[in-house]
Amino acid sequence: MSTDRNAPADRHDSARIAGLPQGGCLVLAATPIGNLGDASDRLKAALSIADVVAAEDTRRTRRLASGLGIEITGRLVAHHEHNEESSSQQLLDEVRSGSMVVVVSDAGMPTVSDPGYRVAAAAAAQDLPVTSLPGPSAVLTALAVSGLPSDRFAFEGFLPRKPGARSAHLVELAGEKRTMVFYEAPHRIAAMIEAMAEAFGPERPAAIARELTKVYEEVLRGSLGDLHERIREDGLRGEIVVVVQGAPAAEPEEAADLVGLVEQEVARGTRLKDAAGQIAAAHGVSRRDLYEAVLAARS
């Protein structure tokens, strides 16, 4: 009897010490992407004291808890891409009732190419408490070790599987100036890099990171053309993240090269100063320099 009476207080104290919410709240918790040593103390505490743990794969989450030497004392329920819509409302009902609901994916941060977005968005829309336990991320880990610019980047996730749709999407990204991060399956990696080389050019710098934080971690760096040559025969194994440098900045155009465009606008009835201003703004050159270049060409 005394143990039961003390259990709520113990849970309350554990939550306070770990900086976890003590009332109803949705907790998005990052899990290791390979090395169990990357699990935070807050993650261990959250899994131990949560009223509900919503897992992408309950079996993997049980193995994670066992590997971390902890016990999940709350209800462990499935929350994956196939039941996310129906499961989300049930989880939010738990939050409304005062429960701590911890959402975990198989690896990394929920909502990032993993289940969790729908329930997080619904909680935010209903003004329910949402917090996150930050931790391992394959996106950020690959970006950090790639050696490519990391000041501005875009996460693109998985590309379309069909070759036509994949190529069309890559053509749209060819001008993206930010570093891009992608996920890909091992059996499609060679075809992906080949398609990237065609869309972005074989000289575009890139890196392929696989099995991050694991025993056989490997990072291949080079141009897209070089990387394709290295993997096209044997491919790669394991979980893969591809990082590609953004498109190089275009060479600035000279005002003299744009005179013809200004004259075309003038021929359509636009005043010279207005035409020079429009073309200059569109091409990133000085309006004054372009206006003077037109006058010089005319004389």
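**Entry 1: S99**

I started with S99, which counts as buried because its relative accessibility is 11%, under the 20% cut-off. I was working on a predicted model throughout. S99 sits in the loop between α4 (84–96) and β4 (100–104). I then listed what S99 touches, leaving out residues up to four places away in sequence. The list reads G23, G24, C25, D51 and E94.

**Entry 2: the whole chain**

Next I looked at the chain overall. I counted 12 helices and 10 strands. The radius of gyration is 27 Å, while the globule rule gives 19 Å for 299 residues; the chain is therefore more spread out than a compact globule. I also took the spans of the C-alpha trace along its principal axes, and they come to about 100 × 50 × 30 Å.

I checked burial and surface. Of the 299 residues, 42% count as buried. The accessible surface is about 15900 Å². Carbon and sulfur atoms hold 48% of that surface.

Residues 24 or more positions apart make up 70% of them.

I finished with charge. The chain carries 32 positive and 42 negative side chains. The centres of the two sets lie 2 Å apart.

**Entry 3: helix α5**

I moved on to α5, residues 117–125. Which residues of α5 are buried? I found V119, A120 and A123. Looking down the helix axis, I saw these buried residues fall within an arc of 100°, so they line one face of α5. They pack against β1 (25–29), α4, β4 and β5 (130–133). I then turned to the face pointing away from the buried side. It carries the exposed residues Y117, A124 and A125. Just after α5 I noted D127, with a positive phi of about 60°.

**Entry 4: K177**

I placed K177 in the loop between α7 (163–173) and β7 (179–184). Setting aside residues up to four places away in sequence, K177 touches G246, A247 and A249. I also took a C-alpha distance from K177 to Q245. These two are 68 residues apart along the chain, and their C-alpha atoms are separated by 7.8 Å.

**Entry 5: P160**

I went to the loop between β6 (153–158) and α7, where P160 is found. At 31% relative accessibility, P160 counts as partly exposed. Apart from neighbours within four places in sequence, P160 is in contact with A165, R166 and H169.

**Entry 6: Y291**

My last stop was Y291, in helix α12 (residues 287–298). Y291 counts as partly exposed, with a relative accessibility of 24%. I listed the residues that Y291 touches, not counting those up to four places away in sequence. They are L272, K273 and A276. I also looked up L261, which is 30 residues from Y291 in sequence. The C-alpha atoms of Y291 and L261 are 12 Å apart.

Conventions:
Residues numbered from 1 in each chain as written. Predicted model: local features only at pLDDT ≥ 70, side-chain atom pairs only at ≥ 80, totals over all residues. Heavy atoms only, no water. Helix = DSSP H or I, 4+ residues; strand = E, 2+ residues; numbered from the N terminus. Rg over C-alpha atoms; globule rule 2.2 N^0.38 Å. Buried < 20%, exposed > 50% of the residue type's maximum accessible area, 1.4 Å probe, protein only. Contact = heavy atoms within 4.5 Å. Areas by Shrake-Rupley, 256 points an atom, 1.4 Å probe, with all protein chains shown as cover. Lys, Arg positive; Asp, Glu negative; His and termini not counted. Charge placed at Lys NZ, Arg CZ, Asp CG, Glu CD. Arc of directions from axis to C-beta.
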